[in-house]
Amino acid sequence: GTSDSSVDHFSSELERYKDLQNYFHRRLKAAYRRFSNIPDHSLVCGHHHVYFIEGDGIYIMDKRQSEPEQVLNLGQFSSQEGKTGLDNEEKKQRFQWSVQRIRLSPQEKHLAATLKTPHREEAKCVVVRLGKRNSPHLDPRHVVFTLDNVFSFEWATDEVLFYTTLKNLRCSRVFRLDLTSSGSSITPVYEETHPNVFVEVALSRDQQILSINCNSRTSSEVLLIDTTTSHLEPFLVQPRQLDLLYHVEHWRGWLITLANTGSGQEYQVMRAPLSKPSMVSWVPLFSPGLGTTIKDMDIVGDHCVLVSRTAAGELVLIVVPLKCPKEAYTVQLPSWACAIKTKRPDMADQRSVFEFLISSPVHSPVPYCLHPEDGLLLPGPKDGSSPENQGNYTTTRLEACNHDGTLVPVTLFHTVPMEGLRHAPLLVHVYGAYGRDLDMEFCPEKRLLLEQGWALAYCHIRGGGERGQSWQRQARVEGKQRGVEDLQACLHYLFSLGVSSPSLTALTTYSAGAVPVGALCNRHPDMMRAVTLRAPFLDVLGTMQDPSLPLTLEDREEWGDPVGNPQHRLTISSYCPLHNITPQCYPSILLTAYSGDARVPLSGVLKYTEKLKTAIHTYFTKKPKSDSEPAPNIVLNIQPGANHNGPEDFEMMLEE
């Protein structure tokens with residue numbers, strides 16, 4: 001009788017789970033459909049034509065709105081790659097190409113695009129000769145060159161493409177592709193010898209300067225190529241210097257440089273002549289006020305536009321007139337704005353306009369145009385960002401006090417006043433590494449949770465970049481513990497305000513964000529009910545000890561060197577999620593890992609899962625039978641593919 005009832009119970013639970021799965025599948029599909037036509041700046045505008053990405057390739061349309069024509073068919077690459085012994089379903093998953101990035105040559109003679117599949121990190125770069133519409137020649141638009149393992153690429157002229165290659169997650173080489181009527185040639189341009197330096201190429205907004213950016217976690221070196229000269233030879237801006245980070249733009253023969261040479265090693269804007277680019281020629285142009293941090297820089301006409309974050313955590317635009325920098329002014333954005341995506345200027349667009357999208361996790365992207373000359377901020381075309389799509393949600397910015405007195409920013413999204421959130425489920429987001437801000441772009445899933453009555457909290461702990469360079473430095477290497485303590489302080493503060501409770505709280509993160517979350521689970525597992533970890537980095541000690549792994553040498557600037565520095569080893573051992581698991585009752589944890597992920601090896605996730613299950617089993621076998629505390633669920637979901645950020649295909653993402 002007992003076995004029958006337990007089977008019945010299992011069956012009913014399984015049915016309930018399947019019903020829930022179907023319910024959320026339907027709701028998520030509906031949410032994505034609802035926001036399917038929000039603006040995303042994926043349109044590329046040339047002098048005479050517009051280019052856009054559709055499911056099966058890249059299309060071209062002239063500006064008189066004629067019928068679109070296909071420039072590139074992704075199917076031809078799938079059929080080439082698909083000549084293997086795989087069955088059709090596996091072929092479909094592994095060789096599903098998507099377009100990552102498009103670049104047009106200056107006079108629209110060629111188009112280059114990177115294509116990517118889920119099963120590998122490296123992208124393929126395809127160069128297409130555009131020809132003329134209705135050309136008498138057969139098939140004027142055809143692929144003239146294919147390059148493997150390309151990471152970044154930019155046109156210097158209509159015939160010259162500079163690009164970097166990715167090998168074992170390292171980008172260290174720059175090449176030049178010359179396309180001439182007599183054929184094509186590839187020439188090596190630059191090779192970086194330091195194993196912790198990542199190299200990429202970029203083009204200035206005025207398209208006159210191509211930069212080769214060689215950045216480590218803690219220092220920069222930039223070489224420039226003047227695309228207006230015939231020889232296209234690179235020259236050095238400023239030799240690498242410990243703890244000096246800088247990024248370069250161009251304006252009327254001057255270099256406008258964003259460098260961490262300001263007070264407290266924070267970013268400020270500098271100016272130097274293009275003919276004398278080194279640091280001795282740098283003159284300060286603009287430094288932000290105390291507590292305001294510069295996140296990005298663009299040159300628009302005769303103005304420098306700085307995307308900045310205020311001490312209160314709000315995004316603003318600071319406009320610096322380059323002819324009279326003392327007349328800098330600030331443009332306020334809507335208070336809910338948490339993320340900003342700037343648009344590359346159209347080739348034919350001579351207007352000095354700064355176009356961008358703002359969003360938050362629960363507010364879909366809204367287009368805006370800034371006219372720096374007069375400070376006019378105008379809403380862009382409405383598209384799918386109508387007021388009824390924005391909803392009536394509250395964005396509350398808080399500060400939690402850590403025991404060392406540091407105030408840690410928290411952004412809270414909710415639908416009812418805070419005093420009504422005691423019984424609301426809470427989803428807490430955290431990252432805190434590499435000086436990166438938490439991802440706060442629009443996400444239909446987050447919007448759906450909010451509509452279901454959840455509250456969403458984003459904890460901007462140290463190690464991230466929300467409060468500038470010092471915010472990152474405080475939680476690097478021997479300061480890593482501070483990020484864990486910050487997260488604990490944020491949760492304590494939210495609960496003390498009456499926002500949810502530990503039994504209704506889930507934490508979610510990905511990659512390096514798993515370190516503070518995993519460490520907190522070991523120390524205070526009673527502070528949360530559940531955790532979701534995607535592509536989680538959990539074996540810090542094991543990874544940093546193994547120099548054969550692709551990112552170890554580069555990442556030691558962030559985590560420390562346990563092999564060469566005994567103090568670093570002690571510090572890492574004190575918080576490493578894998579090495580501090582202990583028999584106790586943990587929250588339920590869902591781990592999603594990718595079988596081909598080279599950034600976070602699967603072995604570390606498998607070790608963590610096995611050790612965690614063993615510790616939980618040990619704890620519960622020692623407990624008296626009378627204790628009815630339920631055991632947590634530890635679920636490891638191993639997905640195919642090598643994409644560290646998860647699948648890009650909508651159906652695959654939904655399935656995951």
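Helices (H or I, at least four residues) and strands (E, at least two) are DSSP runs numbered from the N terminus, and two strands pair if DSSP finds at least two bridges between them. Six bridges link β12 to β13 (residues 209-215) in the antiparallel sense, and V201 has I212 of β13 as its bridge partner. Strands of a sheet pair through backbone hydrogen bonds, either parallel or antiparallel.

Residues are numbered from 1 along each chain as its sequence is written, and side-chain values use heavy atoms, without hydrogens or water. Because the model is predicted, local features need pLDDT of at least 70 and side-chain atom pairs count only at pLDDT 80 or more, whereas totals for chains, interfaces and linings use all residues.

Turning to the interior, a nonpolar core is a set of buried Ala, Val, Leu, Ile, Met, Phe, Trp, Tyr and Cys residues joined through side-chain atoms within 4.5 Å. Buried means under 20% relative accessible area and exposed over 50%, with partly exposed in between (1.4 Å probe, protein chains only). The largest nonpolar core has 74 residues, of which L412, L426, L487, L507, V540 and W559 touch the most other members. Helix α12 (residues 602-622) gives the most to this core, with seven residues. A second, separate core of 19 residues includes V44, Y51, F77 and V99.

Beyond its neighbours within four places in sequence, L412 is in contact (heavy atoms within 4.5 Å) with residues including T396, L426, L456 and V499. T396 lies in strand β28 (residues 394-401) and counts as buried at 15% relative accessibility. The side chains of T396 and H414 are joined by a polar contact of 2.7 Å; such a contact is a pair of N or O atoms within 3.5 Å, and within protein one must be able to donate a hydrogen and the other to accept it, while residues adjacent in sequence count only if both atoms are side-chain atoms.

Helix α11 (residues 566-575) has H568, T571, I572 and Y575 as its buried residues. These fall within an arc of 95° seen down the axis of α11, so they line one face of the helix; the arc is that of the directions from the helix axis to the C-beta atoms. On the other side of α11, P566 and L570 are exposed. The cover over the buried residues of α11 includes α7 (481-496), α8 (514-523), α9 (540-544) and α10 (552-559).
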